[in-house]
Amino acid sequence: MSHPSLPIFTLPVPFSRIYIVTDPSLSAAVQRASKTLSFSPLVPDITKRVLGLDAPTVASVRSGLEPEPGEPHGYIPDIHDMVYSYLGPGTDLSELTLAATAELAEQVSSQVAGMAESGRGVEPVPDLLVWIRHFVAVGTARFLYGAENPLALDPALEESFWDFDHGLGGLLMGVMPSVTARKAHRGRELLAAAFAEYMEAGRYKNPDVSDIIRRRVEIADAHGWSIDGKARSEVSFLFAGIVNTATTTFWTALHTFARRDLLDAVRAELLANVVVPDTDKTSSVTTLSIDALKTSSPTLLAVMRECLRLGSDNYSTRLVKTDTELAGGQYHLKANSVVQIAGGVMHADTSIWGPDADQFNPARFLKMQQGNGATESSTASAPQVHPAAFRAFGGGKTLCPGRHFATYEILAFVAMIVLMFDIEPLEGDGSELQIPSKDDSIMPVHILEPTKPVRVAVKLREGMSRGIRVV
Ligand code: HEM
């Protein structure tokens, strides 16, 4: 990005223009002008390309997209309202969080049991991201879609899932995707077929399926969606549920294990506040209190937020529906152009984050959290940083509905890894874990991945062979 010091600038593109916003208060102004600057009109075309929706389903996506009061709601506003309210603070979110973290605890405990039983105690892991994202993918598919979820019935689909993820940019281009984005296209089609079978067999009615999935299917049925449409919609929800969470968990764990002092601080905090004391000494299973984790793990939360700041390069995108003035008429946006809020530029801006903006420094978030006393807040709001400057979860009407859930899930999963294991360089030459740079050469559809695999040895910690659970 060659003009990061301008608050907004124009990229000329054939037949239109794109405005790029790099300033937090102007971003907030874009978010507030949601009547004329809206993501919704872009949804039909994006979902058609990325998910391969057929013509009747795209027509349904297009209808009732931005209803005026009193007008009927289409599929998108209905699903949007349900998902935002389900994943907002409350009983549904608490139950989902407990189910999700219990599933992750089972996964981690079975890894622990495997290591303990074999007497190995050490597992060589040639790629830490792949190791972590496998737990997240399998766990998420299971707590959302039940034991008979497509990834459980056909484990090879996990690879199809990552093929789809890694080729999303090509699918978005939409130029003969079966040729130009072959692997992603194939992966998506395999997943869609498996979800169609899941729908056809009525597996979403199984008692171990999360309520949010049953409600999504009900809404699709109410709008007359076909099995294929419903299947593709669930491919997109599984994607939203797994991808960013997996990559953020990886960076959070890696940064924590790479610094001895940070690792010690996080462990001490977890032991003091989050691990439930085994008062009668009857069980050596480590027990995590999810409620305590939400409010009393400030260091881990700060590490996660700093990883999100450094790893997130997303663009919140809006169509300019009619000519729009911003900042009291200082800027004029022309109808039919596109405006994008450049998250990555703002996350690297020294005027927002200070001279060490390019460095990993979780203390900046720790200070902010102490400043506003909040650990549940979704954004890094603090007196000295504009709330719209932290863009990892987007903002305004498209602010990620899964942000609370994702935060708890990542904190819980990293806490489990930190308590159960030591993670060291695979080469075992006494050197420290190295942090690779992030791969910003790709279209940023999610938190950026590392440029190269991180090779590690995962070691079971002494006294941890009984595993972990959550309450
Ligand atoms: C660290 C984890 C996550 C990050 C960084 C993240 C980030 C984002 C971002 C940047 C957006 C688009 C916002 C915009 O355009 O302004 C988004 C949208 C969305 N996210 Fe997340 N997300 C995460 C986890 C999750 C999880 C776990 C779920 C669901 C369980 C989820 C569900 C969604 C959905 C459904 C949308 C689309 C919202 C709409 O209808 O516009 N996300 N997320």
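A polar contact is a pair of N or O atoms within 3.5 Å; within protein, one must be able to donate a hydrogen and the other to accept it, and residues adjacent in sequence count only if both atoms are side-chain atoms. With that in hand, start at the ligand: a polar side-chain atom of T398 lies 2.6 Å from one of the ligand's oxygen atoms. This is a predicted model, in which local features need pLDDT of at least 70, side-chain atom pairs count only at pLDDT 80 or more, and totals for chains, interfaces and linings use all residues. Residues are numbered from 1 along each chain as its sequence is written, and side-chain values use heavy atoms, with hydrogens and water left out.

**Around the ligand**

- The ligand is surrounded by 22 residues, where a residue counts as near if one of its heavy atoms lies within 4 Å.
- The closest of these residues are N244, S316, A392, T398 and C400.
- An N or O atom in the side chain of S316 is 2.9 Å from an oxygen atom of the ligand, and a polar backbone atom of G395 is 3.5 Å from a ligand oxygen.
- Two or more shell residues come from each of α4 (75–86), α13 (227–257) and α20 (403–420); helices here are DSSP runs of H or I with at least four residues, strands are runs of E with at least two, and both are numbered from the N terminus.
- The largest share comes from α13, with five residues.
- The shell has eleven nonpolar, eleven polar and no charged residues. In this scheme Ala, Val, Leu, Ile, Met, Phe, Trp, Tyr, Cys and Pro are nonpolar, Asp, Glu, Lys and Arg are charged, and the others, Gly among them, are polar.

**The iron atom**

- C400 is the only protein donor of the ligand's iron atom, through SG at 2.3 Å. Donors are N, O and S atoms within 2.8 Å of the metal (3.2 Å for Na, K and Ca), and water is not among the atoms, so sites may look incomplete.

- S316 belongs to strand β6 and is buried, with a relative accessible area of 6%. Buried means under 20%, exposed over 50%, and partly exposed in between (1.4 Å probe, protein chains only).
- The side chains of S316 and R391 are joined by a polar contact of 3.3 Å.
- Leaving aside residues up to four places away in sequence, S316 touches V339, Q340, I341, R391, G394 and G395; contact means heavy atoms within 4.5 Å.

**The five-stranded sheet**

- The open sheet runs in the order β1-β2-β9-β6-β3, with mixed pairing; two strands pair if DSSP finds at least two bridges between them.
- β1 (8–13) and β3 (37–38) are the edge strands, each with a single partner, so one side of each has no neighbour in the sheet.
- β1 and β2 are antiparallel and share six bridges, with P12 opposite R17 in β2.
- β2 (residues 16–21) pairs with β9 in the parallel sense over four bridges, and I18 has V338 as its bridge partner in β9.
- β6 (residues 315–320) and β9 run antiparallel, joined by five bridges, and T317 is partnered by Q340.
- Why is β9 (residues 338–342) largely enclosed by the rest of the structure? Five of its five residues are buried. V338, Q340 and A342 point one way, and V339 and I341 the other.
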